[in-house]
Amino acid sequence: MMSGKVLIAVSMLMLLCTGFQVSGQSRDTFCIPVKSLDEDRLAFGPGESLDYEIHYRWKSINADVAKANVTLDTLTLNGVPVFHSKVYGRTARFYDIFFKVREHFETWFSRDGIVPQRFYRDSREGGYYSINDYEYRRDGDEPRIIASLETSRKGAWTETLPLTDCTFDLPALFYMARNMNFSKVRPNMKYPMTFVIDDDVTNVYFIWLGREKKYIKGIGTVKTMKFAAKLVAGEVFSGDTDMSLWVSDDENRIPVCFEAPLKVGVASGRLTGWKNLKHPFDSLIEQNR
């Protein structure tokens with residue numbers, strides 16, 4: 001069976017990757033077409049909270065195995081007004097018996113422009129742990145990420161990772177992507193993205209497939225925008241099949257459902273709850289009663 005750490009890590013990736021940036025372009029082009037990134041015109045606001053249920057299907061297993069929660073507030077970091085997002089993921093109590101997993105992400109990014117300032121991650125599975133602490137440095141001639149890293153296998157060390165205007169940690173990428181301008185994004189065109197996790201800089205791409213009405217268990221029918229994301233072959237993915245992702249077709253642009261084939265089984269997730277959305281949830285056209 002796929003390990004709990006992989007399930008939660010995949011789920012975090014799917015929830016956070018709703019749209020992606022092109023590495024190497026200047027922020028003047030915003031990497032992909034986006035709407036204004038002025039704070040008062042963003043798709044989200046402080047106080048927003050999103051809840052997700054993570055499902056796993058393989059052989060006789062067909063069950064919800066984990067939960068995730070994404071929250072957003074505001075504060076000041078080193079004199080910069082920022083948004084502060086926290087993402088928590090954990091296996092359900094029953095599955096803690098087999099693989100107890102806890103995932104904790106935090107990101108700090110500017111309230112105007114969504115420029116990443118800091119990132120923190122603490123991932124734990126049984127006796128294994130992995131910690132990321134990134135400081136984004138834009139002083140001097142060469143922007144860079146100073147990554148303080150630690151794992152139970154390797155101990156603590158520091159890496160310097162490349163930083164472009166289109167490189168994000170996963171939670172910051174989640175919020176940037178929700179401001180895409182779909183009047184300029186072309187269906188069936190490949191859009192690359194770049195994100196950092198651990199000591200890796202990773203590139204994949206997504207394709208916007210168009211609009212679709214999608215039934216979400218426990219919520220109802222939602223008008224969505226559907227994406228396919230090409231996954232990189234490796235420890236988790238086969239690389240043969242795309243991930244599918246559905247995002248609410250309203251001003252909130254929240255992921256409501258995803259499905260991703262793994263080397264062992266299929267991971268999926270769905271929105272189960274929300275609070276303090278900045279805009280009306282207009283895409284929910286038929287709510288469960």
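These legends accompany close-up views of a predicted model. Local features need pLDDT of at least 70 and side-chain atom pairs count only at pLDDT 80 or more, while totals for chains, interfaces and linings use all residues. Residues are numbered from 1 along each chain as its sequence is written, and side-chain values use heavy atoms, with hydrogens and water left out.

**View 1. The largest nonpolar core.** Here is a set of 72 residues, where a nonpolar core means buried Ala, Val, Leu, Ile, Met, Phe, Trp, Tyr and Cys residues joined through side-chain atoms within 4.5 Å. Buried is under 20% relative accessible area, exposed over 50%, and partly exposed in between (1.4 Å probe, protein chains only). F44, Y134, F227 and V256 have the most contacts inside this core. Its largest share, seven residues, comes from strand β2 (residues 61-77); strands (E, at least two residues) and helices (H or I, at least four) are DSSP runs numbered from the N terminus.

**View 2. The surroundings of V256.** Leaving aside residues up to four places away in sequence, V256 touches, among others, I216, W246, L271 and F281 (contact: heavy atoms within 4.5 Å).

**View 3. Two positive phi values.** K59 has phi near 50° without being a glycine, and sits in the loop between β1 (49-58) and β2. At 72% relative accessibility, K59 is exposed. R253, also not a glycine, has a phi of about 55° in the loop between β13 (243-248) and β14 (255-261). R253 is buried, at 9%.

View 4. Eight of the eight residues of α3 (residues 170-177) are buried, so the helix is largely enclosed by the rest of the structure.
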